[in-house]
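Trainee: I am new to this structure. Could we go through it step by step?

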Amino acid sequence: MKKVTVSSLLNMKKDGEKIAALTAYDASFAKLFDEMQIDVLLIGDSLGMVLKGEDSTLGVSIDDVAYHTQCVRNGAQRAFVVADMPFMTYSTPALAYEQAAKLMRSGASMVKLEGGEWLLETIHGLVERSVPVCGHLGLTPQSVNVFGGFKVQGREKDKADALLQSAIQLEQAGIQLLVLECVPASLAKKVSEALTIPVIGIGAGCDTDGQILVMHDMLGISANYMPKFSKNFLIETGDIRKAVQHYIDDVKSAAFPASEHWFE
């Protein structure tokens, strides 16, 4: 099977083909998802919540993500592998370079950072140093204490305008992929249309260039709660492989997410 690359993802956006993505944390699930031809696998700092049982992502370390990245890379031959940079591992450009190198050596094809304008220098520096970068705007879980909880972002016009501007700035700085989380569907559509790079949504409507879910949510086995933007595909199929295929098919056909899964 031909490997998914940055160029592949860009061509998918150009061709109007939706990108299907899931989180993964070990070799066995990565291999299964890979065999089902998932496009992107993210080693998310969500592992703090779904694997460690914590109430936020803040306790995840770079070593945690590096370990799970290596596990996923060992299982995935085709999928594009993105690894999260955990809380405070990219607070300065120099620190970001050092920490990103650990994830790339562990098998990541790209690293993901949460934030807007303050990250522009860091992103530019990473790209200059041959580290591909995925941005993340909207509900950024590492900022949960600033937001006062897990809340939809960008509903007010000024905040929506600022988010759109941030997305444009991030692309200009060099990101090659963007995750939009928990923003109104209309805003996600504007961002996707404004950028030339692929935009992957989670709780951001059906007009982004692709979708991502935490694998535990997609299978209905999360330890905490089922987010509004997720769907239990396992309950409809009774089989993990069929559930994954159902998810991929629904993303590709734009049947998922449906209106009950997004925010206005």
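Trainee: How many bridges join strand β1 to strand β2?

Mentor: This is a predicted model, where local features need pLDDT of at least 70, side-chain atom pairs count only at pLDDT 80 or more, and totals for chains, interfaces and linings use all residues. Residues are numbered from 1 along each chain as its sequence is written, and side-chain values use heavy atoms, leaving out hydrogens and water. Strands (E, at least two residues) and helices (H or I, at least four) are DSSP runs numbered from the N terminus, and two strands pair if DSSP finds at least two bridges between them. Strand β1 covers residues 19-23, strand β2 covers residues 40-43, they run parallel, and the bridges joining them number three.

Trainee: Which strands does helix α12 touch?

Mentor: Helix α12 spans residues 240-252 and packs on the sheet. Its direction makes about 140 degrees with that of β1; axes are lines fitted to C-alpha atoms, for helices over the stretch in contact, and angles run from 0 to 180 degrees between N-to-C directions. Contact means heavy atoms within 4.5 Å. The strands that α12 touches are β1 and β8 (210-213).

Trainee: What closed form do the eight strands make?

Mentor: Their order runs β1-β2-β3-β4-β5-β6-β7-β8, with parallel pairing. The twist from one strand to the next averages 25 degrees. The eight strands make a closed barrel.

Trainee: Which residue in β7 is the bridge partner of L178?

Mentor: Strand β6 (residues 177-181) pairs with β7 in the parallel sense, over four bridges. The bridge partner of L178 in β7 is V199.

Trainee: Are the residues on the two faces of strand β7 buried or exposed?

Mentor: In a regular strand the side chains alternate between the two faces of the sheet. Buried means under 20% relative accessible area, exposed over 50%, and partly exposed in between (1.4 Å probe, protein chains only). In β7 (residues 199-202), V199 and G201 lie on one side, I200 and I202 on the other, and all are buried.

Trainee: How do helices α4 and α5 lie to each other, parallel or antiparallel?

Mentor: The axes of α4 (residues 62-75) and α5 (residues 93-105) come within 8 Å. I62, V65, A66 and T69 in α4 meet Q99, K102 and L103 in α5. The axes cross at roughly 25 degrees. Angles under 35 degrees count as roughly parallel, over 145 as roughly antiparallel, 65 to 115 as roughly perpendicular and the rest as oblique, so α4 and α5 are roughly parallel.

Trainee: Is S46 buried or exposed?

Mentor: S46 is found in the loop between β2 and α3 (47-50). Not counting residues up to four places away in sequence, S46 touches T23, Y25, T57 and V214. Its relative accessibility is 13%, so S46 counts as buried.

Trainee: What is the relative accessible area of E171?

Mentor: E171 is found in helix α8 (residues 157-173). Leaving aside neighbours within four places in sequence, E171 is in contact with A194, L195, T196 and I197. E171 is buried, and its relative accessible area is 18%.
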